Amino acid sequence: MFFLKRHRVADERLHFHELIHVIQWRLLGPASFLAAYADGLERFRYRESPLEMMAYDAEASFSQSPEIFDAEKLVAGQLSRINIEQDCRFPNISRRMTMPDPLSRLQLAQ
Ligand SMILES: [Zn+2]
């Protein structure tokens, strides 16, 4: 479930963006999604956080191509390329997402 402002209910791009987060949530599980999302915000801020960049990149691809889009396959592939490692800052949620350099971002964007 996600919430939208009324004036954006017909915005297909936005629905697709939120769909990517739904898939991220499902593939990572709630605990890892929340930890990775919070960690991404803290270290990269909103727009550059890994889970947001993935959603914005997917949204752009979706809106630029009429082809059928396997969003789950895309997210699974990208998540597998992002390094999720142990993080003692989340003792109960022991994984975090890292994307250390611009090269990683280029790989994600493919
Ligand atoms: Zn988003």
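Helix α1 (residues 12-28) has 17 residues and spans 24 Å from its first C-alpha to its last, close to the 24 Å expected at 1.5 Å a residue; the expected span is 1.5 Å times one less than the number of residues. Helices here are DSSP runs of H or I with at least four residues, strands are runs of E with at least two, and both are numbered from the N terminus. The model is a predicted one: local features need pLDDT of at least 70, side-chain atom pairs count only at pLDDT 80 or more, and totals for chains, interfaces and linings use all residues. Residue numbers start from 1 along each chain as its sequence is written.

The buried residues of α1 are H17, I20, I23, Q24 and L28. They cover an arc of only 115° around the axis, so they lie on the same side of α1; the arc is that of the directions from the helix axis to the C-beta atoms. On the other side of α1, E12 and R26 are exposed. A residue is buried if 20 or more other C-beta atoms lie within 10 Å of its own, exposed if 12 or fewer, and partly exposed in between, with C-beta atoms placed from the backbone. An α-helix has 3.6 residues a turn, so residues three or four places apart point the same way. The cover over the buried residues of α1 includes α2 (30-48), α3 and α4 (71-81). Just after α1, G29 has a positive phi of about 85°.

In the protein chain as a whole there are 5 helices and 2 strands, and along the sequence they follow the pattern α-α-α-α-β-β-α. Of its 110 residues, 22% count as buried. Among contacts between residues at least 6 apart in sequence, 59% join residues at least 24 apart; two residues are in contact if their C-beta atoms, placed from the backbone, lie within 7 Å.

Next comes the pair α2 and α3. Two packed helices are described by the angle between their axes and the distance between the axes. The axes of α2 and α3 come within 7 Å and cross at roughly 60°. That makes α2 oblique to α3. Axes are lines fitted to C-alpha atoms, for helices over the stretch in contact, and angles run from 0 to 180 degrees between N-to-C directions; angles under 35 degrees count as roughly parallel, over 145 as roughly antiparallel, 65 to 115 as roughly perpendicular and the rest as oblique. From α2 the contact involves A36, Y37, G40, Y46, R47 and E48, and from α3 it involves P50, L51, E52 and M53.

R45 also belongs to helix α2. R45 counts as exposed because it has 10 C-beta neighbours inside 10 Å. Its phi is positive, about 65°, although R45 is not a glycine. Most residues other than glycine have a negative phi.

Helix α3 has 15 residues and reaches 21 Å from its first C-alpha to its last, close to the 21 Å expected at 1.5 Å a residue. Its buried residues are P50, L51, E52, M54, A55, A58 and F62. L51 counts as buried because it has 24 C-beta neighbours inside 10 Å. Leaving aside neighbours within four places in sequence, L51 is in contact with Q24, A36, Y37 and G40. Y37 and L51 are 14 residues apart in sequence, and their C-alpha atoms are 6.5 Å apart. Y56, also in α3, is partly exposed, with 15 other C-beta atoms within 10 Å. The C-alpha atoms of Y56 and I20 are separated by 9.0 Å, and the two residues are 36 apart along the chain.
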